[in-house]
Amino acid sequence: MSAANPQLGVVAAGHPLSARAGADVLREGGNAVDAALGSMLASFACEPLLTGLGAGGYMLVVAPEADPVLLDFFVEAPGRGAEPDRRAELVPISVSFGDVVQVFNIGAASVGSYGLPAGVCAAAERFGRVPLAQLVAPAARLARDGVVLNAQQAYVVEILAGIITATPEARSLFAPGGPVAREGDVVRQPELADALERLGTEGPAPFYTGDIGAAIIDWLGARGGMLTQADLAAYRVVDRAPVRARYRGRDVLTNPPPSAGGILIARALGLLDGSPGRLSVERIVEVMEQTQRERTPDFLAGLDDPEFVRGFLDRAVGSAGEGGAGTRRTGPLGSTTHISVLDREGWACSVTCSAGSCSGVIVPGTGVHLNNMLGEQDLNPLGFHRHPPGRRLPSMMAPTVVLRDGQAELVVGSAGSNRIRSAILQTIIRSIDDGMQAADAVRAPRVHFEDGVVYTEPGVETGVLQSAGRALGPFRELNLFFGGAQAAARDAAGVFSGGGDPRRGGAAIVVGAA
């Protein structure tokens, strides 16, 4: 970092207040992991239907002079010691994006073993320098005092109205006067504030082996859920070595199996790296199609086999359309949020968290809104309730860091379920191939291939797609259907920049020294 540019770093997050919380941590002397944790904790109050203590996630940490590591604290399939014949039915809810209607499944039977309390504490203990109680305090204030719904979060509340009015507990938070909360309304979560403060002082124990975990198990058990005391007691944060891909002379680090998204992104980058010159939209769509077709039942079964994964990534570049017949993926909304951070000491942190599309189940007295991962079609592609207890679900989430000559050049990740990989892929292409600043790369119009249809945002060159005989699904404006990418970047001179996705109300803050 030059003396003329004394920046401390950059934080990109899914809400302006989440980004501000992380930026404040950098100003107070925290590193990129501290800042990411500050943003993550604030997001529980600012983005309450996208993440929370009942969710799961992944954090990719690249530290100076250390091997990069992926902390896996994603949701596990529950059911240790449970009786499957007592399981309640999943509750289907239709959700409209305006241009697309999709079905979500919620209720007690949709809830898996959550990982956020364990993940926050593990990351803070291993990599942080700011006490967790200090990181928690601003988030607890936001939850207790309330956060004004901005336009993007109000839209999330609106389209998830069927979920958040499915239980009295969710209605009391998000529709206390009858109609669901709208832009400008204040959402207060005093029980979440209490839970965050306990997390800061007591760590994860209350949520797994203590009173909060017991209350959650009792509440779900009475309603046909499968989460048991044995499931929570067995939950652990898992260290994983990131997947590496080469692209345009860079090393791209991303989420390894059992998550599916990372190796699909790595595979796509490998295919595109062999294409010289500027990538056409048709070539990008061809590769999207190929990677979707390769996501077969055999692929899903092979995620636990290191030899299969190596072979999948090393496979010679083929033409679009190779591979077996893929399984249909309708990819839901993805109530997910992402945070990207770089600091001047060389730390990079990329963290994605998700509650699925949220379950509508908020356990009284705990402040915990639980995930619905067992009801997410994209995480259960071979059918619901097929995963054995203790298995991490095969998420599309893929926190990613791009290294140039060993230094983090771009930190990126996205929300959006099955659109996560297309959002990350295109943000990398726009940043590296097209030389766009992070904000422009994130804002650039996107495409997404799904089940024979190319969905497009305004500004995409559709003529070449039509000439190629592609079926198009045009959107009338930028839409959160296409993900919510947040990007932090450092250029060759060491200058930071960031991009928050306008599709989901994201924000980026470059932090200058005092």
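Q: Which residue in β12 is the bridge partner of Thr336?
A: The bridge partner of Thr336 in β12 is Ser354. This is a predicted model, where local features need pLDDT of at least 70, side-chain atom pairs count only at pLDDT 80 or more, and totals for chains, interfaces and linings use all residues. Residues are numbered from 1 along each chain as its sequence is written, and side-chain values use heavy atoms, with hydrogens and water left out.

Q: And how do β11 and β12 pair?
A: Strand β11 (residues 336–343) and strand β12 (residues 348–354) run antiparallel and share 7 bridges; strands (E, at least two residues) and helices (H or I, at least four) are DSSP runs numbered from the N terminus, and two strands pair if DSSP finds at least two bridges between them. Val341 has Cys349 of β12 as its bridge partner. The two strands form a hairpin with 4 residues between them, and Gly346 in the turn has a positive phi of about 100 degrees.

Q: What about β2 and β12, how many bridges there?
A: There are 7 bridges joining β2 to β12, again antiparallel, and Val62 has Ala348 in β12 as its bridge partner.

Q: Is β12 mostly covered or open?
A: Mostly covered, as 7 of its 7 residues are buried, where buried means under 20% relative accessible area, exposed over 50% and partly exposed in between (1.4 Å probe, protein chains only). Ala348, Ser350, Thr352 and Ser354 point one way from β12, while Cys349, Val351 and Cys353 point the other way.

Q: What is the strand order in the sheet of 7 strands?
A: This open, antiparallel sheet has the order β8-β3-β2-β12-β11-β1-β22. Its edges are β8 (238–240) and β22 (507–512), each with a single partner strand, so one side of each is left without a neighbour in the sheet.

Q: Which strands does helix α2 touch?
A: Helix α2 (residues 32–46) packs on this sheet and touches β1 (7–13), β2 (56–62), β11 and β12, its direction making about 155 degrees with that of β11. Contact here means heavy atoms within 4.5 Å, and the axes are lines fitted to C-alpha atoms, for helices over the stretch in contact, with angles from 0 to 180 degrees between N-to-C directions. Helix α3 (residues 116–127) lies across β2, β3 (69–73), β8 and β12, at about 150 degrees to β3.

Q: Switching topic: where is Glu409, and is it buried or exposed?
A: Glu409 sits in strand β16 and is buried, with a relative accessible area of 17%. Its side chain makes a polar contact with the side chain of Arg250 (3.0 Å); such a contact is a pair of N or O atoms within 3.5 Å, where within protein one must be able to donate a hydrogen and the other to accept it, and residues adjacent in sequence count only if both atoms are side-chain atoms.

Q: Which strand stands opposite Tyr247, and at which residue?
A: Tyr247 stands opposite Arg250 in β10.

Q: What order do the strands take in the sheet of 6 strands?
A: The order is β9-β10-β15-β16-β20-β21, in an open sheet with antiparallel pairing. The edge strands are β9 (243–247) and β21 (496–500), each pairing on one side only.
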